[in-house]
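Subject: Structure handover

Hello,

Here is the structure for you to look over. My notes on it follow below.

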Amino acid sequence: MKTASKPPVSPPAALGVPEVARPAGRRTGSPWRRRLADQSRAYAFLIGGLLCFALFSWYPAIRAVVIAFQKYTPGTGAEWVGTANFTRVFHDPEFSAAWRNTLTFTLLALLVGFAVPFVMALVLNELRHAKAFFRVVVYLPVMIPPVVSALLWKWFYDPGAGLANEALRFLHLPTSNWSNGADTALVSLVIVATWANMGGTVLIYLAALQGIPGELYEAAELDGASLLQRVRHVTIPQTRFIILMLMLLQIIATMQVFTEPFVITGGGPENATVTVLYLIYKYAFLYNDFGGACALSVMLLVLLSVFSAGYLRLTRSGGDDS
């Protein structure tokens, strides 16, 4: 029996049937054009951010470096004077006082403001109840605007009716001049800065402490280690990278202290709280000497760049070289 052969299948186009459409996600063209089209929106956002940085950060910084070598008066132009601004600022009697106060403030902030948050983080880490409540209490000062915080402490330090001296009188203890005394003003500002900024540091330390494996503490307890020994041989080595990173950040921040001396003490008494940043403000807006202000800014920039380079190196290495 002879089987009938099937007719040859004709292509769809020969029968007038349209071809099946390609998937919608499939694109034609060169790969680099497709990537450019996909990433055009990201590039647009990136260009916007770069323009903002260039306009409000990079341009003022470059302009300040240029003015540092000029005699500049707004509205009358600028005259190139070389290093005359640096020489004049260097021989200013307030120059040495400002740097001495800034370095002393930084050192005191490291001794007080660096140790207190770490101890508070250790205490919060050991709590079993109301841990969230105490985290909020510790972080609350960070949410207060710095100027408002400084004004509150200015009233607190008032030698007459201030709360600090009232508490000392209630306890029958000798009162203090606090921010009005040349010997106590800088320490008083360190207390203010520590109280206002330690909330974020405490939370960072607390997160680092909670990342330490519990087996290490259990092994230390089995070996008979005391609390201080566990902190020394387990906690500090395990959080060494965070400690070094926050220390560098605190040095960079405290060397730019301005709000506390400006609001609370006005640089006094007897220039006891004049800092470098406050002196820059005085040169620019009180003396109308923008060249001197920019010269001071460049000096501070060079010093802070050293610590910033150390911070960047530390973060990129992940603490392996620390």
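Of the 322 residues of the protein chain, 33% count as buried. Buried means under 20% relative accessible area, exposed means over 50%, and partly exposed lies in between (1.4 Å probe, protein chains only). This is a predicted model: local features need pLDDT of at least 70, side-chain atom pairs count only at pLDDT 80 or more, and totals for chains, interfaces and linings use all residues. Residues are numbered from 1 along each chain as its sequence is written, and side-chain values use heavy atoms, with hydrogens and water left out.

Overall layout

The protein chain has 14 helices and two strands. Helices (H or I, at least four residues) and strands (E, at least two) are DSSP runs, numbered from the N terminus. Contact means heavy atoms within 4.5 Å. Among contacts in the protein chain with a separation of 6 or more, 64% come from residues 24 or more positions apart.

The hairpin

Strands β1 (residues 70–73) and β2 (residues 77–80) run antiparallel and are joined by four bridges. Two strands pair if DSSP finds at least two bridges between them. Q70 stands opposite W80 in β2. Three residues separate β1 and β2 in this hairpin. In the turn, G75 has a positive phi of about 90°.

Nonpolar cores

A nonpolar core is a set of buried Ala, Val, Leu, Ile, Met, Phe, Trp, Tyr and Cys residues joined through side-chain atoms within 4.5 Å. The largest one has 24 residues. Those with the most contacts inside it are A68, V89, W99, V276, L279, Y283 and L296. Two or more residues each come from α1 (31–67), α2 (84–90), α3 (93–113), α13 and α14 (290–317). The largest share, seven residues, comes from α14. Apart from this core lies another, of 21 residues, including F114, L206, I212 and V231.

Helix α13

Which residues of α13 are buried? They are V276, Y278, L279, I280, K282, Y283 and A284. What covers them includes α2, α3, α12 (259–265) and α14. V276 touches A98, W99, T102 and L300, not counting residues up to four places away in sequence. After α13 comes N288, whose phi is positive, near 55°.

Aromatic pairs

A search of the whole structure finds 21 aromatic pairs. Rings of Phe, Tyr and Trp (its six-membered ring) pair if their centres lie within 6.5 Å; planes under 30 degrees apart count as stacked, over 60 as edge-to-face and the rest as tilted. F53 and W58 are stacked, because their ring centres are 5.8 Å apart and their planes are at 25°. W58 is partly exposed, with a relative accessible area of 43%. Y278 and Y281 form a tilted pair, 5.9 Å centre to centre with 35° between the planes. Both lie in helix α13 (residues 276–286), three residues apart, about one turn of the helix. An α-helix has 3.6 residues a turn, so residues three or four places apart point the same way. Y278 is buried at a relative accessible area of 7%, whereas Y281 is partly exposed at 23%. Elsewhere, ring pairs link W153, F156, Y157, W178 and W195 into a cluster.

Two buried helix residues

T235 lies in helix α10 (residues 227–238). T235 is buried, with a relative accessible area of 2%. What does the side chain of T235 make a polar contact with? The partner is the side chain of Y217, at 2.7 Å. A polar contact is a pair of N or O atoms within 3.5 Å; within protein, one must be able to donate a hydrogen and the other to accept it, and residues adjacent in sequence count only if both atoms are side-chain atoms. T235 touches F118, L122, L209, I212, Y217 and R230, not counting residues up to four places away in sequence.

A150 lies in helix α6 (residues 146–156). A150 counts as buried, at 2% relative accessibility. Leaving aside neighbours within four places in sequence, A150 is in contact with T259, V263 and I264. A150 and L189 are 39 residues apart in sequence and 9.1 Å apart in space, C-alpha to C-alpha.

Cysteines

The structure holds zero disulfides (a disulfide is a pair of cysteine sulfur atoms within 2.5 Å). C52 is partly exposed, with a relative accessible area of 45%. C294 is buried, at 11%.

Best wishes
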